[in-house]
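Dear colleague,

Please find below the structure that I am handing over to you. My notes on it follow directly after.

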Amino acid sequence: MKSSVIVFPGSNCDRDVAVALKKFKIKNQMVWHEETNLPKSDLVVLPGGFSYGDYLRTGCIASKSRIINDVIQHAKKGGLVLGICNGFQILIETGLLPGVLLRNKKLRFLAKNVFLKVITINSKFCLNFNKKNIIQLPIAHNEGNYFANNKILNRLEDKNLISFKYCDEQGQISKDANPNGSSNNIAGILNDQKNILGMMPHPERLIDPLLSGEDGAMLFESLVKSN
Amino acid sequence: MKISAIVTLKREVLDPQGKVISQTLKNMGYNNITSVRQGKYFDIELDETDKEKAKLVAQEICKKLLTNVVIEDYTINLK
């Protein structure tokens with residue numbers, strides 16, 4: 001399996017995700033934002049960080065960068081795209097995923113571990129979560145408050161396009177377990193074809209017991225397995 | 001009375017965000033863009049019917065809170 005991690009000025013989780021991909025024997029290349037040709041890839045990762053200093057709106061400038069046209073083409077042809085944190089914000093700004101990510105409800109940057117419920121395992125990103133559907137992953141963001149109108153939210157629910165929701169340790173999806181005010185406790189969503197996943201939590205940060213957990217590893221294992 | 005205030009960085013102060021937006025627009029094919037400056041817009045509703053008084057209050061608000069007069073300029077519009 002081949003992957004490309006797109007690196008923008010201000011990306012800061014690009015190497016973390018590269019380490020994760022390497023661990024699961026995915027052959028990865030780092031691709032600078034000024035490139036115009038995407039190398040042949042099965043998976044494109046838009047990493048976390050603060051691309052272009054979060055100027056104008058988070059993810060906005062990156063969504064107009066030179067490499068992004070090829071990423072959109074790759075996605076439209078059914079290629080896998082994973083957007084983590086700032087990558088999710090970029091996917092939203094490109095229009096590949098619906099809705100918007102607003103500032104956290106309490107206007108504070110959040111950096112902590114949260115519990116997530118895996119809502120659907122029915123995508124190439126989440127197959128392996130059949131073993132465990134309440135997981136813990138770190139979040140680190142200021143704009144992670146997912147918002148969309150009722151029509152979009154109902155559609156996401158009905159078509160089973162929500163991959164992760166914030167929950168408590170027991171898996172209860174409640175207001176108290178919602179760290180940033182996201183509509184319906186949404187932490188990650190898929191597109192209609194389920195080849196694009198955008199998520200605020202960082203799976204790449206929990207891929208080894210040395211990093212205090214392996215819940216994130218299941219996502220990468222799923223990708224390898226599905227290929 | 002409705003007041004709007006626009007706050008922008010002074011011409012001589014570097015606006016990195018505006019510069020990035022301008023460069024992005026050029027990359028998108030808008031080659032005739034020569035400059036973009038980003039600012040803030042405030043919609044203020046004031047319980048005052050006298051235009052002159054409202055203007056004075058607006059100026060005061062802008063100087064005291066909305067701008068840092070060292071690096072920013074403001075424009076006030078009364079409606």
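How many bridges join β6(A) to strand β9 of chain A? Four bridges join β6(A) to β9 (residues 162-167), and the two strands run antiparallel. Helices (H or I, at least four residues) and strands (E, at least two) are DSSP runs, numbered from the N terminus; two strands pair if DSSP finds at least two bridges between them.

Before going further, please note that this is a predicted model, in which local features need pLDDT of at least 70, side-chain atom pairs count only at pLDDT 80 or more, and totals for chains, interfaces and linings use all residues. Residues are numbered from 1 along each chain as its sequence is written, while chains are lettered from A and ligands numbered from 1 in the order in which they are written.

Strand pairing in chain A

Within β9(A), F164(A) stands opposite V118(A). Strand β6 (residues 110-118) also pairs with β7 (residues 134-141) of chain A, in the antiparallel sense and over eight bridges. There, L110(A) stands opposite H141(A).

The two chains

Chain A has five helices and eleven strands, whereas chain B has two helices and three strands. Along its sequence, chain B follows the pattern β-α-β-α-β.

The radius of gyration is taken over C-alpha atoms, and the globule rule is 2.2 Å times the number of residues to the power 0.38. For the 227 residues of chain A, a compact globule would have a value near 17 Å, and the 16 Å of chain A agrees with this. For 79 residues a compact globule would have a value near 12 Å, but chain B has 16 Å. Taken along the principal axes, the C-alpha atoms fill a box of roughly 45 × 35 × 35 Å in chain A and roughly 45 × 25 × 15 Å in chain B.

A residue is buried if 20 or more other C-beta atoms lie within 10 Å of its own, exposed if 12 or fewer, and partly exposed in between, with C-beta atoms placed from the backbone. Buried residues make up 52% of the 227 residues in chain A and 8% of the 79 residues in chain B.

Two residues are in contact if their C-beta atoms, placed from the backbone, lie within 7 Å. Among contacts between residues at least 6 apart in sequence, 75% join residues at least 24 apart in chain A; in chain B, 62% do. The contact between the chains takes six residues from chain A and six residues from chain B. On the side of chain A that touches chain B, four residues are nonpolar, none is polar and two are charged. In this classification Ala, Val, Leu, Ile, Met, Phe, Trp, Tyr, Cys and Pro count as nonpolar, Asp, Glu, Lys and Arg as charged, and the others, Gly among them, as polar.

A nonpolar core is a set of buried Ala, Val, Leu, Ile, Met, Phe, Trp, Tyr and Cys residues joined through C-beta atoms within 7 Å. The largest such core has 72 residues, of which I6(A) and L116(A) touch the most other members. Its largest share, five residues, comes from helix α5 (residues 217-226) of chain A. Beyond its neighbours within four places in sequence, L116(A) has contacts that include I135(A), L137(A), F164(A) and P201(A).

I84(A) is found in strand β4 of chain A and is buried, with 29 other C-beta atoms within 10 Å. Not counting residues up to four places away in sequence, its contacts include C13(A), V17(A), M199(A) and H202(A).

In helix α2 (residues 68-76) of chain A, I68(A), V71(A), H74(A) and A75(A) are buried. Seen down the axis of α2(A), the buried residues fall within an arc of 115° (that of the directions from the helix axis to the C-beta atoms), so they line one face of the helix. Their cover includes β1 (2-7), β3 (43-46), β4 (80-84), α3 (86-94) and β11 (196-199) of chain A. After α2(A) comes G78(A), whose phi is positive, near 100°.

Two residues in the loop between β3 and α2 of chain A deserve a look: Y52(A) and L56(A). Neither is a glycine, yet phi is positive in Y52(A), at about 50°, and in L56(A), at about 65°. Y52(A) is buried, with 26 other C-beta atoms within 10 Å, whereas L56(A) counts as partly exposed, with 18 C-beta neighbours inside 10 Å.

With kind regards
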